[in-house]
Structures are given as C-alpha cells and as structure tokens.
Amino acid sequence: GPVHAAAYGAELGIRSVYVFPMSPMFSAFGVASSDVVHTKMITRHLVAPIDMAALNREIAALQADLGKVMKAEGFPENLIGFRRTVYMRYTRQVNEVPVQIPPGALERADRREIEQAFNAKYEEMYGRGAGHPEAGIEIISIAIDALGNTVKPMLPRTPIVGPDSSGAKKGSRRAYFTGANPGFKEAAVYDYTRLKAGNLLAGPAIIETPFTTVIVPESHTAEVDEFLNVILRH
C-alpha cells in the first residue's frame, strides 16, 4: 500500500495521504477496536400504507431477543444500541432497497417519512425520476443490528521535535520513479523508527519501516505528525 499510495493519490487529485504506524495490521487494529454487532433479520410482508403497530411489534420482538444476547455477552443495557433497517421495494419488483428507520416506537406520522425515505433512496440509487410510488410500496424484510459499545483505544501523542529529519537518514540509492518525469532518481533512504514527530523530508525518498516501505516521489513531501503518521503531500 504505502509503496503506491502517493502515486494513487496524485492520480485521483488527492493532495494528502496518511500512512498510519499500524498500516500493516490495520484490519486487525480495526477489529480489536470496533463495536460488537449482532444482527437478526426476518421476512415480513407489509404493504403501504404500512401497519405501524405490526411493524412496532416485529421490531420490539427482535430487539428483545438481541438484547438478551448482548446482555449474555456482558453488555449493560445503557451500552446497547440498535440500528433498524427495513428492506423495501415497489410492488412486484425483485430487488429491495435498505432504508434505516428512526429509534423508538414508531407513530402513524413516521409512516409517511419512511415511505418518502424509500422513494428518495430509490432515486439516489437508480436516478432522478426513477421512483414510482403509485405502483405501491412494500416492506419485505426487517433487520435489526444490536451494537455493543466497546472501550476505544487512545492513540498516544508524541511531542513535536521539529522538521530536521537528518538523524533518521540511512543513506541513498538509485530507484525508479514513475510520474511526470519518470526514470531512475537518487533517493534518500530513511529509517522510520528514527523519525520524530514534526520531521519533514522531501522526495524522492524511501522510508523503510519494520513492516513496509513508504515511497515519497519527487513531487511530494513527507511529514511525521504527533501520532507518528507519515503524511504524504503532493
């Protein structure tokens, strides 16, 4: 990833790209710090005008079941949240569109908002004017996500030292760079573990870490921030 990140960013018109210290194990970091989610989904056929009482009963039953699961996993009630989604379609269509609905008991006034949200989502997906509410609207499925909030890690900040990155320079070597002026360039090589917060360096350069390599093209600079992210700027 960090080998190609600056080049992809430049092609996409992105001026700043962040390379995180945990980039090589970023997915594992995300799993370890994410909330716990359990989902239950049922098939129910509700035709507009939607019977809000029936919809409330189904949602309440699903949330009660999921609440028991979350409490068995050690989550107190105040740390359990619910995300509610209904899958809707126009009559006799094959594909459904997911529409999130508000928390709490649904009132008759919510019926119109849910149907309008479906029409808006449908046109967002398939194009303006594609909606056809006069064909009739149906709810086909109801899905509830129970979310257990977990304690999030606090990323450590390090003091800003200054822009001088010479203490991390290991040497230089010739490397091939693509871009507006492709060819072999003499690239400075830096040891990431010796870079300090606030350090700044100019491309062409190579930053070697224990797990990956960060390429800094000659059209870019790299700056280390207080979280030890490497920020590649075009």
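1. Burial. A residue is termed buried when its relative accessible area is under 20%, exposed when over 50%, and partly exposed in between (1.4 Å probe, protein chains only). On this scale, buried residues account for 37% of the 234 residues in the chain.

2. Basis of the note. The structure is a predicted model, in which local features need pLDDT of at least 70 and side-chain atom pairs count only at pLDDT 80 or more, whereas totals for chains, interfaces and linings use all residues. Residues are numbered from 1 along each chain as its sequence is written, and side-chain values use heavy atoms, with hydrogens and water left out.

3. Overall form. The chain has 4 helices and 12 strands; these are DSSP runs numbered from the N terminus, helices being H or I of at least four residues and strands E of at least two. The chain is more spread out than a compact globule, because its radius of gyration is 26 Å, well over the 17 Å given by the globule rule for 234 residues. That radius is taken over C-alpha atoms, and the rule is 2.2 Å times the number of residues to the power 0.38. Along the principal axes, the C-alpha atoms fill a box of roughly 70 × 45 × 25 Å.

4. Contacts and surface. Contact here means heavy atoms within 4.5 Å. Of the contacts between residues at least 6 apart in sequence, 60% join residues at least 24 apart. The chain exposes about 13,700 Å², of which carbon and sulfur atoms supply 55%; accessible areas come from the Shrake-Rupley method with a 1.4 Å probe, and for residues only the protein chains shown count as cover.

5. Charge. There are 25 positive and 25 negative side chains, and the centres of the two sets lie 2 Å apart. Lys and Arg count as positive and Asp and Glu as negative, while His and the chain ends are not counted. Each charge is placed at NZ of Lys, CZ of Arg, CG of Asp or CD of Glu.

6. E138. This residue lies in strand β5 (residues 137-148) and counts as buried, since its relative accessibility is 8%. The side chains of E138 and H45 are joined by a polar contact of 3.2 Å. A polar contact is a pair of N or O atoms within 3.5 Å; within protein, one must be able to donate a hydrogen and the other to accept it, and residues adjacent in sequence count only if both atoms are side-chain atoms. Leaving aside residues up to four places away in sequence, E138 touches H45, L46, V47, Y87, M88, R89, Y90, T91 and R92.

7. N119. Helix α4 (residues 108-126) contains N119, which is buried at a relative accessible area of 18%. Not counting residues up to four places away in sequence, N119 touches Y90, P133 and I137. N119 and H132 are 13 residues apart in sequence, with a C-alpha to C-alpha distance of 7.8 Å.

8. Cis peptide bonds. The bond from A48 to P49 is cis, with omega near 0°; P49 belongs to the loop between β2 (36-47) and α3 (52-72). A cis peptide bond also joins G203 and P204, where omega is about 5°. P204 is placed in the loop between β8 (200-202) and β9 (205-208).

9. Positive phi. R92, which is not a glycine, has a positive phi of about 70°. R92 sits in the loop between β3 (80-90) and β4 (97-101) and counts as exposed, at 79% relative accessibility. L228, likewise a residue other than glycine, has a positive phi near 65°. L228 lies in the loop between β11 (221-224) and β12 (230-233) and is partly exposed, with a relative accessible area of 28%.

10. G198. The loop between β7 (183-191) and β8 holds G198, a buried residue at 12% relative accessibility. Neighbours within four places in sequence aside, G198 is in contact with I160, G162, P163 and V224. The C-alpha atoms of G198 and A120 are separated by 46 Å, the two residues being 78 apart along the chain.

11. I206. Strand β9 includes I206, which counts as buried at 3% relative accessibility. Residues up to four places away in sequence excluded, I206 touches R173, A175, A187, A188, V189, Y190, T213, V214 and I215. From I206 to M52 the C-alpha to C-alpha distance is 61 Å, and the two are 154 residues apart in sequence.
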